[in-house]
Amino acid sequence: MSELRWNPLLGEWTATATHRQKRTFLPPADFCPLCPTKDGGYATEVPESTYDIVAFENRFPSLSPDPPPPAVEATELYPVRPAQGVCEVVLYSPRHNTTLAREPVEQIYKLVRVWTDRFQQLGALDFVHYVFIFENKGEAVGVTLHHPHGQIYAYPFIPPIILRELAQSESHFNKTGRCLICSIIEEEEKDGRRVVACNDWMIAMIPFFARWPYEVHISPRRHLQALMDLTPREQRELAGVLKSVLVAYDRLFDLSFPYMMVLHQRPCDGGNYDYYHFHIEFYPPMRDRGKLKYLAGSETGAGMFINDTLPEEKAAELRAHLARGE
Ligand SMILES: [Zn+2]
Ligand SMILES: [Zn+2]
Ligand SMILES: [Zn+2]
């Protein structure tokens, strides 16, 4: 039972996915469904006795390539459509107790290449208009399985946050003849206080307008729209800067730092998005040691975020933890 229901009030789709209530919830480590299948042991979702990085279809998907017809009838006010799309799980490592932050740059580089491959494969499907790669990490953001993994949703439409970024980027381009993210990178570098890490290929910063205390954005310096536009050198540099940011996060409060990590790439609907610029955003739910930021009335009901901290100070904090180095 799964369908897309139109929200005429906000102009967006909501997926119903009631079967997801039955998904595995925080199993003990010996019964992890994402570990390799041990000889003579129970069968996990990965039949192999080992793997490096694997991507496969989610067993509890909210979107599927061949969805059932909607269980409710559409009306003029309330359009309904089948929940067509693809939901994949990407396992970062066969080791249950690792995290992306603890993996070597080489493994993160492999993951960047797997992401690139999945973006291309899923983006080529005719019913897919947007490929969204993300990771939810930590119980604070509702993770139900601890094994290090990320997810990919291939949507049959362009999701609302991306539509907004596209509209803002396009109007900035029409006004100034420049890319919005290129302009942001230039402004952040000129100021310097919010830059967390940078080299000739990549820049990581907590932008001027951050909604979350430790909201880091990573962008390639070169103007490009998607992972597949990166050169092998840029893929490596992206892995390197991801590693630096993740390590600094874990050092902040000496704990495995929870976050949502999202990749913002161009849509895959055949349109021209040359004005857009690929980047990665992190939304960590922590605002201080032992303190979580909740999305309350203003954030959820009005869409206005209140950041209790200054990006200038939080960026300095992250830089100090980066410099601690090994
Ligand atoms: Zn596991
Ligand atoms: Zn750009
Ligand atoms: Zn973005």
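## Nonpolar cores

In this predicted model, the largest nonpolar core brings together 53 residues. Ile218, Leu238, Tyr249 and Phe282 have the most contacts inside this core. Helix H4 (residues 232-252) supplies the largest share, with nine residues. Apart from this core lies another, made of 20 residues, among them Ala83, Phe134, Tyr153 and Tyr275. As background, nonpolar side chains in soluble globular proteins tend to be buried together.

Leaving aside neighbours within four places in sequence, Ile218 is in contact with Ile203, Ala204, Leu238, Val241, Leu242, Val245, His279, Ile280 and Phe282.

## The nine-stranded sheet

Next, the sheet. Nine strands form an open sheet in the order E3-E5-E7-E6-E11-E12-E10-E9-E8, and the pairing is antiparallel. Strand E3 (54-57) and strand E8 (195-198) are the edge strands, each pairing on one side only. From one strand to the next, the twist averages 20°.

Have a look at E10 and strand E12 (residues 279-283): these strands run antiparallel and are joined by two bridges. Here His217 stands opposite Glu281 in E12. Helix H1 (residues 105-123) packs on the sheet, where it touches E3, strand E5 (86-91), strand E6 (130-137), strand E7 (149-155) and strand E11 (259-264). The direction of H1 makes about 165° with that of E5.

## The zinc site

The zinc ion (ligand 2) is coordinated by four residues: Cys179 and Cys182 through SG, and His223 and His277 through ND1, at 2.0 to 2.3 Å. The angles subtended by the four donor atoms are 103 to 117°, so the arrangement is tetrahedral. For reference, the ideal angle for four tetrahedral donors is 109.5 degrees.

Along the sequence, the donor residues follow the spacing C-x2-C-x40-H-x53-H.

His223, with a relative accessible area of 32%, is partly exposed.

Definitions and conventions:
Residues numbered from 1 in each chain as written. Chains lettered and ligands numbered in written order. Predicted model: local features only at pLDDT ≥ 70, side-chain atom pairs only at ≥ 80, totals over all residues. Heavy atoms only, no water. Core = buried A, V, L, I, M, F, W, Y, C linked by side-chain atoms within 4.5 Å. Buried < 20%, exposed > 50% of the residue type's maximum accessible area, 1.4 Å probe, protein only. Helix = DSSP H or I, 4+ residues; strand = E, 2+ residues; numbered from the N terminus. Contact = heavy atoms within 4.5 Å. Donors = N, O, S within 2.8 Å, 3.2 Å for Na, K, Ca; no water. Tetrahedral: all angles 85-135°; square planar, octahedral: opposite > 155°, others 65-115°. Pairing = 2+ DSSP bridges. Axes fitted to C-alpha atoms, helices over the stretch in contact; angles between N-to-C directions.
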